Amino acid sequence: MFTKFIYLEWKSFTRSASFASNLALKILMGFLVLYFTVAFLALGVGAFYILREMKLDPLVTINKFLMYYFLMDLIVRLMLQAIPVMNIRPLLTMPFKKSTIVHFSLGKTMLSFFNVVHAFFFLPFCAVLIYEGYDVISVLLWGMALFSIVFANNFLNVLLNNKDHLLAIFITITLILAGCQYYKFFDITNYTYPFFESLFHTKWVFVLPVLVLSGLYFWTYNYLKGDLYLDAGLTSKNDIAKTEHLTWLNQFGTLGTFLKNDIKLIKRNKRSKTTIGLSVMFLFYGLLIFGSGIESYDTPTMHILAGIFVSGGFLITFGQFVPSWDSAYYQLMMTQNIPYKGYLNSKWWLMVIATVVSTIIASFYLYFGWHVYLMIIVGAIYNIGVNSSLVLLGGAFTKTPIDLSSGKGAFGDKKAFNVKTMLITIPQLILPVGLYWSGTYLMNENLGLTLVAVVGILGLALKNKAFVFIEKIYKSEKYATIAAYKQKS
Amino acid sequence: MIQVNNLSKKYNDTTVLNIESLEIPKGQSFGLVGNNGAGKTTFFSLLLDLIQPTTGNIINNKVQVNASEGWKPFTASFLDESFLIGYLTPEEYFYFIGDLRGQNKADVDALLAQHEEFFNGEILKNKKYLRDLSKGNQKKVGIIATLIGNPEVIILDEPFANLDPTTVNRLKKIIKELANNPNITVLVSSHDLQHTVDVCDRIVALNKGELVKDMPTSKETLQELELFFAV
């Protein structure tokens, strides 16, 4: 029975859309995977020696922060790890026992990337512990206990998924705990650390996480098994719809019509909401750089990049997929009496408004001095003037249909990655860095900023000319785009 | 109204459509029948400039469709669900199409009121997004949306599929009314010979991309078609 399942899984893996992409991309992806594997392995091996170098007891330190490690793990899972429920549907009427289906689905979640990734860190770390003469049995039991917790998190995620507010609650708890610890009000690790320590030193304590894991497995199993009906666990949730007229946008004519649609698009789809969340994170990117937390980031090049990222989060995350947002009904758009210009203009305004709003919110960077905020404003000018048009141009070549209902893929679609869109990122990021750098080199930072701002304003002045060109490209790409959007992944 | 010249569509070496000449006069209600893969949807996609012809062209009211976009203001179509915007409510969708076709809210409301019977109380004010409606109800929305803004050419691909028997009869009534209007040219495709014969003045049968029958509807049409498609 299980072999049949494995056959299906293998087919779905080898025939998935990302696998079918071209060879060059596969090689690139291969290198990326290799790089991360090596990086994690190095971290696992290196962590021990780095900590010892810092005059800390490696095992004690790790044990101290494991609490946060697992909390973060759970948060990341709730955010990103999807549970494989939908592909169960076609199996229900086949001659499979329900228990087999559930066991298999649960087993499948255990092989997920989110579990495997921990092995890259813990296995080398354990190996180093043994190599350094720690008690072998203790290390093995400790490792087993930690993996039990990893898998317990895995099943917790299955149980807790689809409960909307949990994620926010977990994040808040983690932030409060971390904050209390940072300001030395209350240190949660004082209470959790002895537990993780005893996993190592007391031989029988490892039984606790293992028991918790088995309990959770049993619970999830019952939970899923009882819910294996089309109108119970396998139903797709329907939102209660409310018609919104947004009449205040009527004054903008065609532009208003599209803006109305785009606002609804962003508000009502999971994928676009993830994008908004991501673009808010961009707002805080500058803290890393201007907060001078990391020394190697404290260079003029990084500063101007931060200026562009802080105000351009939405532009980058939303803009780069511009026609793809409408991929599900692109045929409709192409048969309606729609001028391309109006369509593109509405997306352009959306990005401009978002950039302006981000810039206003970013005024908290004034804390780091007016010069830092000036940099953000200049970044915003460049974003509005040049990048907004460039992103639309790049969109003409992005032929990845977007599944609006899925939250995954917001971190960049592999297929959206092609040579033409890559080439367009050069003027997006490298040109302003080059301008700023040469200005600083020739005279001072102010000249650098002026150069970037002038190019931004120039771009804005030439916007109409650029739009005529972009429109032409969209028209010539029309058939290829329609054909690509029809092939749903 | 619509003139087809030497139209063909090939994918690699497979010809999926090949129509030498076809003329659809203004005001006609035109039915396209054929098996799966006969080229019905391909023909409609070419007519809407969604795919490019390999040879030849289509002229819609003096506008060559693959050269100019001038056909868009007077042509309305519903081919499949990809013509619907899933995250809108039906009302929002109708107003959106209305906006694009220069109709204000009152115009759209008047049209919707006319078709309340067709909606059967399942579409409007139902607190559901289009993506959550059943296939049949989605189709109702798509079909009525093509009527917004008084188009002169209406193209419906498989409009009868997925509809319940009562709705099919109501839809037939709507199409017949459109057919009676001398300014409106209706193009309908279907697998169902009976339905097509019921609503169309003229029937064209396609087989493997070739035009195999072209006849005005009469008492004998259905028999002749059934004979042609008999196994």
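This is a predicted model: local features need pLDDT of at least 70, side-chain atom pairs count only at pLDDT 80 or more; totals for chains, interfaces and linings use all residues.

Residues are numbered from 1 along each chain as its sequence is written, and chains are lettered from A and ligands numbered from 1 in the order in which they are written.

Chain B contains eight helices and 10 strands; helices (H or I, at least four residues) and strands (E, at least two) are DSSP runs numbered from the N terminus. The C-alpha trace of chain B spans about 45 × 40 × 35 Å along its principal axes. Its radius of gyration is 17 Å, close to the 17 Å from the globule rule for 231 residues, so chain B is as compact as a globular protein of that length. That radius is taken over C-alpha atoms, and the rule is 2.2 Å times the number of residues to the power 0.38. Of the 231 residues in chain B, 50% are buried, meaning that 20 or more other C-beta atoms, placed from the backbone, lie within 10 Å of the residue's own. Among contacts in chain B with a separation of 6 or more, 65% join residues 24 or more positions apart; a contact requires C-beta atoms, placed from the backbone, within 7 Å.

Chain B meets chain A through 26 residues of chain B and 24 residues of chain A. On the chain B side, helix α2 (residues 90–100) gives the largest share, five residues. That side divides into 13 nonpolar, five polar and eight charged residues, where Ala, Val, Leu, Ile, Met, Phe, Trp, Tyr, Cys and Pro count as nonpolar, Asp, Glu, Lys and Arg as charged, and the others, Gly among them, as polar.

Within chain B, A205(B) lies in strand β9 (residues 202–207). A205(B) is buried, with 23 other C-beta atoms within 10 Å. Leaving out residues up to four places away in sequence, A205(B) touches V33(B), G34(B), V212(B), K213(B), L225(B) and F228(B).

In chain A, the axes of helix α10 (residues 254–268) and helix α16 (residues 340–361) come within 9 Å and cross at roughly 60°; axes are lines fitted to C-alpha atoms over the stretch in contact, with angles from 0 to 180 degrees between N-to-C directions. The contact includes F258(A) of α10(A) and W349(A) of α16(A). Its residues are six nonpolar, four polar and one charged.

Note on methods: Two residues are in contact if their C-beta atoms, placed from the backbone, lie within 7 Å. A residue is buried if 20 or more other C-beta atoms lie within 10 Å of its own, exposed if 12 or fewer, and partly exposed in between; C-beta atoms are placed from the backbone.
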